[in-house]
Amino acid sequence: MSKNELEQGREQWGTRIGFILAALGSAVGLGNIWRFSYIAGESGGAAFLIIYLLAIAFIGFPIMMCEFMIGRRAQSDAVQSFHIIAPGKPWFIAGGVGVAAGFIILSFYAVVAGWTLKYLFSYITGGLWSTPSDGYESYFTSFISNTQPIIWQFIIMALTVGIVVLGVKKGIEKANKIMMPLLGIILLLLAGYSLTLGGAKAGLTFLFSPDWEAFRNPNVYLTALGQAFFSLSLGMAALITYSSYLPRKEKLPSAATSIIILDTLFAVIAGIMIFPAVFAFNAAPDAGPGLVFITMPEVFGQIGGFGIVIGILFFLLLTAAAISSAVSMLEVCVAYFMRKFSLSRKPTTILIGALIFIIGLPSALSATADAPLGGIHFLGDRGFFDSADFLTSNIMLPLGGLLIALFVGWTWEKSEMMRESDFRSSQFGSIFRWILILLVPIAILAVFVNSIG
Ligand code: PHE
């Protein structure tokens, strides 16, 4: 343990870059590749992208700053951090929403991560070296309609637990230091290759030239907001937890800016990797959640032998990105329960990991209507799986984010807020403060009301 840690009795990041890579690892995940591409595909491409970028800049950045400020200041877990800063007040509920969201998101996230791992395995061992006998679509739907995904979901949870058990520096930081640069390289390689496939013009037009009609659809705004929260890992105290391992002297605005820019680049470059390929082979951009699992393998299949290598790289990218995000969700829950029940890291991680695996079983078994639990519907005719995603991404994360923004914007004194944000008395500080006090709450509420209406 370092001197700082001994003084504090709490784990810390080894280096500043280690923290930034870990936070980036949390942010960059299935959200940037699987979720971003299918949602952008369904929501009109460029129009969605514009609203998404606005949401990132004006809502994502301020809320990320707030999470960092709370974590670095309190040096504690999602719930206790609020107790420390505002004793006796109900703000800790924001942290509670975060821990609950962590449980639910990871429960279905591990299922999708499991699918990517299964595809990686099939590309390595030959299962996908040629077109499956019934085609790629039924290969995917029959896989997710039976009980097999549970095995893959289990392996993902085991790997995630394995990293979190090792702790902040030796587990989370180290894993991200290896995985993040690797992900960057694979993504750039694949995007560069995709641009040579002949669909570049159509793919880029789809992604970058807006269909103005889409702006009239209120759901596009909620979807973009939910995606901004999901992709930046906001609203569930993941970044409160991560920044609580940060020495007090580390500066926040530059860290938040780099994470936001890199996460957005990851999503946009993932779009540049996926849509040109989709258009080059006349596949449909609005294929939904299956885009990455049906359309992309179809594309790889048409490339020929080299497509196998691309398939391996693509699903390696997805799996590694997913695991580094899953680690952050698990850490939110583990940090909370370790403190709450005075347990050590290992038993807590294993226990919580097992619990989340069990909670995820209904999602694993309800991804299609034909799946064993696919017939059970709630929340506007959604199955377990879609309900878990909708409830967390579109409701719990924005709600958690709203509470976090209100907490910092409305209850911290101006001078305290300026100091803790590291903006001090600069112009940026005042702008940041007004964005938090007015713009963020109004925007989130407006999007909520609009989509309910
Ligand atoms: N940001 C992750 C992704 O894009 C998902 C995530 C959400 C991680 C919330 C942590 C907290 O895939």
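**Figure 1. The second largest cavity of the predicted model holds about 70 Å³ of space.** A cavity is a set of points, on a 1 Å grid over the protein atoms alone, where a 1.4 Å probe fits but cannot get out; grid points are joined across faces, edges and corners, and a volume is the space filled by probe spheres set on the points. Lining residues have an atom within 4 Å of a point, and those of the second largest cavity include Leu 190, Tyr 193, Met 273, Phe 300 and Phe 314. Helix H9 (168-195), helix H13 (253-280), helix H14 (291-303) and H15 each give two or more residues to this lining, with H14 providing the largest share, four residues. Helices are DSSP runs (H or I, at least four residues) numbered from the N terminus. By class, the lining has eleven nonpolar, one polar and no charged residues. Here Ala, Val, Leu, Ile, Met, Phe, Trp, Tyr, Cys and Pro count as nonpolar, Asp, Glu, Lys and Arg as charged, and the others, Gly among them, as polar.

**Figure 2. The largest cavity has a volume of about 120 Å³.** Of its 15 lining residues, the closest to the centre are Ser 26, Phe 230, Ser 233, Ser 325 and Met 329. H2, helix H6 (92-125), H11 and H15 each supply at least two lining residues, and the largest share, three residues, belongs to H15. Eight of the lining residues are nonpolar, seven are polar and none is charged.

**Figure 3. The ligand sits in the largest cavity.** This placement requires that more than half of the atoms of a molecule lie within 2 Å of the grid points of the cavity. The ligand is surrounded by 14 residues, the closest being Ala 27, Gly 31, Tyr 109, Phe 230 and Ser 233; a residue is near if one of its heavy atoms lies within 4 Å. Helix H2 (16-27), helix H3 (30-42), helix H11 (218-231) and helix H15 (306-340) each contribute at least two residues to this shell. The shell comprises six nonpolar, eight polar and no charged residues.

Figure 4. A nitrogen atom of the ligand lies 3.1 Å from a polar backbone atom of Ser 26. The protein covers 100% of the 320 Å² of accessible area (Shrake-Rupley method, 1.4 Å probe) that the ligand has on its own.

Residues are numbered from 1 along each chain as its sequence is written. In this predicted model, local features need pLDDT of at least 70, side-chain atom pairs count only at pLDDT 80 or more, and totals for chains, interfaces and linings use all residues, while side-chain values use heavy atoms, with hydrogens and water left out.

Notes: Polar contact = N/O pair within 3.5 Å; in protein donor to acceptor, adjacent residues only side chain to side chain. 1 Å grid on protein atoms, 1.4 Å probe; cavity = no way out; pocket = protein on both sides within 12 Å on 5 of 7 lines; lining within 4 Å.
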